[in-house]
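Here is a short briefing to read with the structure open beside you. Follow the residue numbers as you go, and take the topics one at a time.

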Amino acid sequence: MLGTTVMIPSILVPLMGGSDGDKIRVIQTSLFVSGINTLLQALFGTRLPAVVGGSFAYVIPILYIIRDSALQRIPDPHEHLVIIKMDNMESSIYQSNLQRFLQTMRAIQGALIIASSLQIILGYSQLWGLFSRFLSPLAMAPVIGLVGLGLFERGFPAVGNCVEIGIPMLLMLIGLSQVLF
């Protein structure tokens, strides 16, 4: 849970034009919301000690939102340098980079609000129960495989950057997949 909660913002925030401070705020918010979700699940949900965290299933749609041409047309961050004084300290921010991050974050939040509203409607109307009988583990395996293949181009080049960690992880992944399945 902690890995996905930290890794997802670490991948997405720089693509959105966010700074390290923005990445930290997104990670803090994700950890806080994960804690609230875990408490709600333990108190009112299934009452199991399940830790609720981020999901990589949403990364691919978020990447499409980030790469939207309207968001990409926000000017280059190196065009407008703005100096801001805060607490007797000067820090420089690129105005357009901040605007791109804010607009992208708003687009992602809007998409998540609409998607979660649809999930709430499906859940309360009990339509999901009708669809769930068609979703056996055999039917879900290709969906999970497609999500993994969609993230392949992002993760596999990172394995080559640190061979000391990458090769043992790949060998462990292949070995455990053969033993467990």
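The end C-alpha atoms of residues 48–66 lie 35 Å apart, and this span is 42% helix and 0% strand. The UniProt record (an unreviewed entry) gives the feature "transmembrane region" to residues 48–66, as well as to 107–128, 134–152 and 159–180. Please keep in mind that the model you are looking at is predicted.

**The annotated spans and the overall layout**

- For residues 107–128, the end C-alpha atoms are 27 Å apart, with 91% of the span in helix and 0% in strand.
- Counting through the protein, you will find nine helices and two strands.
- The protein has 181 residues, and 17% of them are buried.
- Take the contacts between residues at least 6 apart in sequence: 55% of these join residues at least 24 apart.

- Helix 1 covers residues 2–16.
- With 15 residues, helix 1 reaches 22 Å from its first C-alpha to its last, close to the 21 Å expected at 1.5 Å a residue.
- Which residues of helix 1 are buried? They are T4, T5, I8, P9, I11, L12, V13 and M16.
- L12, which sits in helix 1, counts as buried because its relative accessibility is 5%, under the 20% cut-off.
- Setting aside residues up to four places away in sequence, L12 touches V59, I62, L63 and I66.
- L12 and K23 are 11 residues apart in sequence, and their C-alpha atoms are 8.7 Å apart in space.
- Just after helix 1 comes G17, with a positive phi of about 95 degrees.
- G18 belongs to the loop between helix 1 and helix 2, and it counts as buried because its relative accessibility is 16%, under the 20% cut-off.
- Leaving aside neighbours within four places in sequence, G18 is in contact with V13 and F101.
- G18 and Q99 are 81 residues apart in sequence, while their C-alpha atoms are 9.4 Å apart.

**Helix 2 and two of its residues**

- Helix 2 runs over residues 20–43.
- Its 24 residues reach 35 Å from first C-alpha to last, close to the 34 Å expected at 1.5 Å a residue.
- The buried residues of helix 2 are D22, V26, I27, S34 and T38.
- Is T38 buried or exposed? T38, a residue of helix 2, is buried because its relative accessible area is 19%, under the 20% cut-off.
- Not counting residues up to four places away in sequence, T38 touches A50, V51 and V52.
- Beyond residues up to four places away in sequence, Q41 touches T46, R47, L48 and V52.
- Q41 and V52 are 11 residues apart along the chain, with 8.0 Å between their C-alpha atoms.

**The largest pocket**

- The largest pocket holds about 1200 Å³ of space.
- Its lining has 33 residues, and those nearest the centre are S30, V33, G54, Y58 and L112.
- Which helix gives the most to the lining of the largest pocket? Helix 2 does, with 10 residues.
- Helix 1, helix 2, helix 3 (59–66) and helix 5 (95–124) each supply at least two residues of the lining.
- Sorted by class, the lining has 18 nonpolar, 13 polar and two charged residues.

**A loop residue with a positive phi**

- Where is Q126 found? Q126 is in the loop between helix 5 and helix 6 (127–132).
- Most residues other than glycine have a negative phi.
- Q126 is not a glycine, and its phi is positive, near 65 degrees.
- Q126 counts as exposed because its relative accessibility is 61%, over the 50% cut-off.

Technical notes
Residues numbered from 1 in each chain as written. Predicted model: local features only at pLDDT ≥ 70, side-chain atom pairs only at ≥ 80, totals over all residues. Heavy atoms only, no water. Helix = DSSP H or I, 4+ residues; strand = E, 2+ residues; numbered from the N terminus. Contact = heavy atoms within 4.5 Å. 1 Å grid on protein atoms, 1.4 Å probe; cavity = no way out; pocket = protein on both sides within 12 Å on 5 of 7 lines; lining within 4 Å. Points joined across faces, edges and corners; volume = space filled by probe spheres on them. Nonpolar A, V, L, I, M, F, W, Y, C, P; charged D, E, K, R; others polar. Expected span 1.5 Å × (residues − 1). Buried < 20%, exposed > 50% of the residue type's maximum accessible area, 1.4 Å probe, protein only. UniProt positions renumbered as here; feature names shortened; annotations may be inferred.
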